[in-house]
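Here is a short tour of a few spots worth a look on your screen. Have the model open and follow along.

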Amino acid sequence: MSTISDRLLKAMRDLHRSWMEVTPKNAGINKSQYFTLRGIKVFMDEHPGSKGATVKDLAKNSSRSPASISQKISALEQLGLVYRTPDEKDKRIIYFHVTEQGEKMHDDIHSQMSGFINNVVDKIGEDEIIETT
């Protein structure tokens, strides 16, 4: 009989494998780029009246440096998944937004990953997972 930790470790390995399968189907975006894309999307969802997400906003809400965030955003821009707009008063401030293509890619990846995570929760049991964390 396996312990909860054995089952969680197997689920983590499966999640990693699943990520590797999901990513190539989506225009070459990597995990860090996905989470940056998700960060912009979540910020905009949580701040509907805002002008956009800044690098500072994204760095504050993640464990990454502004330089790392900027690098990921540049790659996402080149792929047409995000775009930038300068602040009207202070051109040093740049706001980032997700494009329609970026929304679709985010939603596709998020849906696939959510489905996998839900399967893991079903197999292990939500109560056991909550008890362990």
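D57 sits in helix α3 (helices are DSSP runs of H or I with at least four residues, strands runs of E with at least two, both numbered from the N terminus). D57 is buried, meaning under 20% relative accessible area with a 1.4 Å probe and protein chains only. D57 has no salt bridge, a term for a side-chain nitrogen of Lys or Arg within 4 Å of a carboxyl oxygen of Asp or Glu. The nearest side chain of opposite charge, K60, is 4.9 Å away.

This is a predicted model, in which local features need pLDDT of at least 70 and side-chain atom pairs count only at pLDDT 80 or more, while totals for chains, interfaces and linings use all residues. Residues are numbered from 1 along each chain as its sequence is written, and side-chain values use heavy atoms, with hydrogens and water left out.

Next comes H97, found in strand β2. H97 counts as buried because its relative accessibility is 12%.

| Residue | In contact with |
|---|---|
| D57 | F43, G52 |
| H97 | I40, M44, K51, G52, L81, V82, Y83, T85 |
| I40 | A53, L58, I73, V82, F96, H97, V98 |

I40 also belongs to the largest nonpolar core, where I29, L37, I40 and I73 touch the most other members of the 19. Such a core joins buried Ala, Val, Leu, Ile, Met, Phe, Trp, Tyr and Cys residues through side-chain atoms within 4.5 Å. Helix α2 gives the most to this core, with 4 residues.

How values were computed:
Buried means under 20% relative accessible area, exposed over 50%, partly exposed in between (1.4 Å probe, protein chains only). Contact means heavy atoms within 4.5 Å. Lys and Arg count as positive and Asp and Glu as negative; His and the chain ends are not counted. Lists of a residue's contacts leave out its neighbours within four places in sequence.
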